[in-house]
Amino acid sequence: MKKFLLVGLWRDKSRSSLPVLVVAIGVTLTVFMHAYITGFMGDTIEMNARFTYGHVKVMSRAYAELSEQMPNDLALASSSDWLSQLETGFPLMEWSERIHFGGLIDVPDSDGETKAQGPVAGFAYQLLGKEANEMKRLGLDKSIVRGKLPVKQGEALLSEHFAQKLGIEPGDTFTLMGSTMNGGMAFYNLILAGTIRFGVDVMDRGSVILDIADARNALEMSDFTGEIVGFSKEGFYNDEQAMLMAARFNEQQSTTGDVYAPVMKALSQQGSMAMYVKMSEMWSLYVSLVFIFAMSLVLWNAGLLGGLRRYGEIGLRIAIGEEKRQVYFSMIYESILIGFAGTVIGTFTGLFFAWLLQTYGLDISGMMKGASLMMPGVIKARITMVDFYLGFFPGMLSTILGTALSGIGIFKRQTASLFKELET
Amino acid sequence: MIVILKSFFMKRCLFFLIFSVVTNVSAQEADDILARVDQNMSSTNRIFESGMTIKGRRTSRTILSKTYASGNQKSFTEYLSPASEKGTKMLKLKNQLWMYSPSTDRTIQLSGHMLRQSVMGSDLSYEDMMDDRKLTEIYDARLIGEETLDGRKTFLLELTAKVSDVAYYSQKVWVDNERFVPLRQEMYAKGGKLLKQTEMKDVKRNGNRWFPMTVIYKDMLKQGDGTVFTITSIVFDQPIPDHIFSKASLKQ
């Protein structure tokens with residue numbers, strides 16, 4: 001039976017080529033779109049996690065309420081103790097202290113007076129020493145444009161565009177001016193080790209990156225930290241796990257009413273990330289559902305048209321004694337074969353296009369100028385296990401559904417009128 | 001009918017005449033009040049030592065400094081304590097401002113939006129510190145009422161900027177009606193938003209003028225309990241050597 005149907009489909013291309021093509025195109029789009037959304041949304045989430053939110057973040061309660069303003073006067077005290085406690089209590093996470101601040105970079109002339117200056121966003125990470133784990137996480141080595149990475153205290157990185165604007169070269173000294181955590185004036189000399197470009201407009205506009213020890217000296221924040229960020233050792237954000245972890249930590253701290261006691265927030269509890277995480281979860285489902293629905297309509301129509309075109313054939317088969325039920329199910333079997341073939345071709349093609357986008361990416365940095373949300377300048381797809389079987393749902397279901405719906409007409413045919421039909 | 005119309009127009013003319021006279025008198029009176037405020041608050045030059053207590057959300061700290069000021073064009077401030085601020089100096093010449101930090105041995109010029117930043121984490125901005133112009137030079141005044149403030153009778157003036165390079169477009173000023181010293185000021189943006197509020201206390205007689213020795217500043221856009229600026233000693237119209245107001249004095 002299967003062989004008979006296969007040979008039939010193979011010989012009569014008009015019965016198989018168009019439906020296979022339609023299924024293949026639909027499945028290609030489904031697989032590609034899923035990989036694209038997974039890649040783009042995932043990259044955006046991970047990028048925001050790496051640079052800003054962490055997978056989870058620990059701050060003082062007072063700091064957390066105003067965290068967008070980087071209020072270092074409300075920073076978390078005894079940060080080294082809290083860091084040890086977090087490392088012991090949550091061993092599946094990597095923890096790191098960070099300080100964010102705003103200030104002014106002033107470049108001196110040969111007399112030590114102001115030659116150029118500009119406002120800057122400061123990012124202090126654990127770049128040096130045994131605990132240094134941020135260079136790799138932030139991809140600083142890949143982002144270097146000129147000079148080198150900081151190797152000792154007193155060295156810092158500036159964003160390339162900002163350094164060019166200030167007319168400063170690697171090896172030159174500049175002064176960081178800001179506010180200490182007590183509100184005093186902070187002046188701190190740094191040497192420009194190198195310049196960086198992340199391809200993220202928010203970071204590339206004007207930023208200085210320095211070791212956290214330098215920031216502590218400059219801002220009088222000894223054993224204080226703005227935030228302690230945690231990253232899953234698995235390497236990707238799991239919202240459910242992060243929320244559970246935050247709830248567990250906050251439960252332990254719930255007995256104190258101190259506004260400077262620590263509080264843990266998952267990535268999706270910070271800024272506008274809640275909506276983004278939800279979106280990334282829902283979009284794949286929506287895309288698949290939309291394609292299943294749309295393709296069902298298309299294939300139903302294709303099936304109807306095919307059914308009309310094969311009106312005579314079906315009539316003849318019933319006239320020579322074939323059961324209506326048998327004719328109906330043979331058409332369903334045919335649709336399974338067509339759906340399978342189309343899905344395999346579509347999955348392969350979709351994966352191929354997704355692989356191209358995953359490997360080479362699509363540069364949209366030109367469209368990102370002035371963007372306030374941290375988004376990757378190059379869109380990349382990400383092929384996951386789901387992409388290998390996702391296409392079978394719309395590919396098989398819609399084909400079978402379309403044929404099942406259009407084939408109902410077979411049961412309405414009257415044997416008595418068949419010969420009259422065959423004469424025409 | 002004509003008589004009625006005539007009477008109506010006469011009444012209207014009389015009303016506008018009285019209204020314009022009252023308005024002019026009010027404006028004249030307001031200008032006079034403001035001029036007397038300027039007589040008290042402005043001087044050819046002054047030397048004073050002050051303490052600035054900044055009440056933050058977590059800590060409170062006091063910064064002591066000594067300031068030399070000549071007219072509204074030149075001033076020089078040296079911070080005396082705490083240790084972290086000691087030796088920091090600030091020089092203002094016309095509309096330019098330089099800061100010297102001994103820890104970095106750098107002289108940094110502040111300009112543009114940096115002038116709107118807080119001085120030492122206080123509720124004062126550099127712009128506030130720099131603008132020593134007489135109120136009559138930069139504002140038109142209107143007397144809008146009289147109120148009693150902390151037991152003192154005051155004139156309530158509404159000031160509107162008549163020049164463009166002013167930090168606050170309008171102000172409400174409560175002026176002591178005997179001593180002609182402002183006791184409270186509210187500074188507003190052009191859109192009407194209250195930006196800053198000051199209260200003057202401890203008004204003392206100094207020579208032929210009255211002067212508030214304590215000013216409480218509150219930046220309304222900032223959390224915290226404000227900044228208390230207290231003058232511990234002040235002398236007016238004393239000769240100040242010119243070399244004080246030079247960039248060379250910053251590093252000395």
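User: How many residues does helix α10 of chain A have, and what does its span reach from first C-alpha to last?
Analyst: In this predicted model, helix α10 of chain A (residues 239–252) has 14 residues. From its first C-alpha to its last the helix reaches 20 Å, close to the 20 Å expected at 1.5 Å a residue.

User: Which residues of α10(A) are buried?
Analyst: They are A:Ala242, A:Met245, A:Ala246 and A:Phe249. Seen down the axis of α10(A), these buried residues fall within an arc of 100°, so they line one face of the helix.

User: And which residues are exposed on the other side of α10(A)?
Analyst: On that side, A:Glu240, A:Leu244, A:Ala247, A:Arg248 and A:Glu251 are exposed.

User: What do the buried residues of α10(A) pack against?
Analyst: Their packing partners are two strands of chain A, β1 (56–60) and β12 (262–266).

User: Let us move to α9(A). Which of its residues are buried?
Analyst: Helix α9 of chain A covers residues 212–219, and A:Ile212, A:Asp214, A:Ala215, A:Ala218 and A:Leu219 are buried there. They cover an arc of only 155° around the axis, which puts them on the same side of α9(A).

User: Which strands do they pack against?
Analyst: The buried residues of α9(A) pack against β3 (93–108), β4 (114–125), β7 (173–179), β8 (185–196) and β9 (207–211) of chain A.

User: What follows α9(A)?
Analyst: The helix is followed by A:Glu220, which has a positive phi near 55°.

User: You listed β7(A) among those strands. How many of its residues are buried?
Analyst: Six of the seven residues of β7(A) are buried, so the strand is largely enclosed by the rest of the structure.

User: In what sense does β7(A) pair with β3(A), parallel or antiparallel?
Analyst: β3(A) and β7(A) pair in the antiparallel sense, over three bridges. In this region A:Asp106 stands opposite A:Thr175 of β7(A).

User: How many bridges join β7(A) to β8(A)?
Analyst: Seven bridges join the two strands, which run antiparallel. A:Gly178 stands opposite A:Ala186 in β8(A). Their hairpin has five residues between the strands, and A:Gly183 takes a positive phi near 95° in that hairpin.

User: Stepping back, how many helices and strands are there in chain A?
Analyst: Chain A has 16 helices and 14 strands. Of its 424 residues, 41% are buried. Among contacts in chain A between residues at least 6 apart in sequence, 79% join residues at least 24 apart.

User: One more topic: where is B:Gly71 found?
Analyst: B:Gly71 lies in the loop between β2 (60–70) and β3 (74–81) of chain B.

User: Why is B:Gly71 classed as partly exposed?
Analyst: B:Gly71 has 13 other C-beta atoms within 10 Å. A residue counts as buried at 20 or more and as exposed at 12 or fewer, so a value in between is partly exposed.

User: Which residues does B:Gly71 touch?
Analyst: Not counting residues up to four places away in sequence, B:Gly71 touches B:Thr44 and B:Asn45. As for B:Thr232, B:Gly71 is 161 residues from it in sequence and 20 Å from it in space, C-alpha to C-alpha.

Terms used: Residues are numbered from 1 along each chain as its sequence is written. Chains are lettered from A and ligands numbered from 1 in the order in which they are written. This is a predicted model: local features need pLDDT of at least 70, side-chain atom pairs count only at pLDDT 80 or more; totals for chains, interfaces and linings use all residues. Helices (H or I, at least four residues) and strands (E, at least two) are DSSP runs, numbered from the N terminus. The arc is that of the directions from the helix axis to the C-beta atoms. Two residues are in contact if their C-beta atoms, placed from the backbone, lie within 7 Å. The expected span of a helix is 1.5 Å times one less than its number of residues. Two strands pair if DSSP finds at least two bridges between them.
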